[in-house]
Amino acid sequence: MKILSFGAGMQSTALALMSCENSLSLKKGQPMPHPDVPIYDLVIFCDLGMEPSWVMDQVMFTQDACEQVKISFKILDSPLHEDFMRNFGERRTVSIPWWTLRGDGHKAKMPRNCTIDYKIEVIAKYVRWEVLGYRKGQRLRPEDRKAHEMHMGFSYEEQKRCKESTNPMFVNHYPLVEMKLVRADNYAYIRDVWGLETRASACTFCPFHRNYFFRYLRENLPEEYAQLVMVDELLRDKTPKPPMDSDLFISRSRKRIKDLTPADCDDAECFVYREQKIWNGF
């Protein structure tokens with residue numbers, strides 16, 4: 001099988017829609033316009049429970065496009081936000097790459113395991129148990145070893161993130177890297193061909209966001225901003241298990257979200273599209 005791990009950002013959205021466009025062309029007896037992108041057997045989105053509202057808009061748009069050309073699209077519940085809010089300070093939780101600050105001024109960053117635990121492993125289990133029909137305790141069949149392709153939407157500037165899969169079922173593929181398409185190229189393709197404006201996809205409390213993102217939420221999405229502040233205050237008020245000698249922060253400035261200044265938030269990541277500056281969503 002050829003499976004797309006769909007994060008609903010502009011890169012994986014581009015891959016899904018390119019696959020839809022390929023399917024439409026084949027049905028018309030025309031060559032595929034994107035030969036490096038397969039017609040996917042399955043597109044899977046893991047709903048982490050707390051992402052900006054535009055992410056679900058991009059999910060719904062892509063799901064509709066896939067269903068029109070008979071590409072299977074599956075949404076899996078993967079409650080990262082719910083689990084974290086319930087468990088932080090009470091028991092060990094998944095490692096999110098929080099920015100850290102020790103009392104002596106030492107700065108560091110936590111390791112990142114959230115993507116593995118709440119996306120990659122969730123997709124692998126779904127494919128193994130629900131798609132391939134394995135039973136509990138059943139060993140992997142020889143015909144399934146490294147037999148299935150897992151496609152991911154890393155763009156060309158992210159090629160350092162490309163790694164081989166550790167899962168015995170999958171071989172990872174990165175078509176956008178092979179095509180040398182950067183984030184701005186994906187945005188332009190989706191907007192020009194499909195008429196959809198897209199932004200990056202990540203949890204609202206993802207530490208990789210620029211401070212501008214937090215300001216955008218405060219000014220435009222107050223309910224989502226309030227949820228973000230609740231996560232930040234949980235990091236402030238509770239001690240992780242096991243205990244650490246550092247304070248944890250969502251903001252790379254190592255300040256509480258409510259304490260960010262206008263100067264802190266003047267850091268939006270943008271690219272140029274048709275002579276316009278476009279914020280990428282981070």
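User: Which helix does Ser23 lie in?

Analyst: Ser23 lies in helix H1, where helices (H or I, at least four residues) and strands (E, at least two) are DSSP runs numbered from the N terminus. This is a predicted model, in which local features need pLDDT of at least 70, side-chain atom pairs count only at pLDDT 80 or more, and totals for chains, interfaces and linings use all residues. Residues are numbered from 1 along each chain as its sequence is written, and side-chain values use heavy atoms, with hydrogens and water left out.

User: Is Ser23 buried or exposed?

Analyst: Ser23 counts as buried because its relative accessibility is 6%, the cut-offs being under 20% relative accessible area for buried, over 50% for exposed and partly exposed in between (1.4 Å probe, protein chains only).

User: And what does Ser23 touch?

Analyst: Leaving aside residues up to four places away in sequence, Ser23 touches Ile39 and Val69, with contact meaning heavy atoms within 4.5 Å.

User: Switching to the strands, how do S1 and S2 pair?

Analyst: Strand S1 (residues 2–5) pairs with S2 in the parallel sense over three bridges, and two strands pair if DSSP finds at least two bridges between them. Ser5 has Ile44 in S2 as its bridge partner.

User: What about S2 and S3, how many bridges there?

Analyst: S2 and S3 run parallel and are joined by six bridges, and the partner of Val43 in S3 is Phe73. The chain gets from S2 to S3 through H2 in a right-handed β-α-β crossover, that is, with the strands pointing away from the viewer, the path from the first strand over the helix to the second runs clockwise. S1, H1 and S2 also make a right-handed β-α-β unit.

User: Why is S2 described as largely enclosed?

Analyst: Five of the six residues of S2 are buried, so the rest of the structure largely encloses this strand.

User: Back to H2, what span does the helix reach?

Analyst: H2 (residues 53–68) has 16 residues and reaches 23 Å from its first C-alpha to its last, close to the 22 Å expected at 1.5 Å a residue, where the expected span is 1.5 Å times one less than the number of residues. Just after H2, Lys70 takes a positive phi of about 70°.

User: What covers its buried residues?

Analyst: The buried residues of H2 include Trp54, Val55 and Cys66, and among the elements covering the buried part of H2 are helix H1 (10–27), strand S3 (72–77) and helix H7 (211–220). The buried residues of H7, in turn, pack against H2, helix H8 (222–237) and S10.
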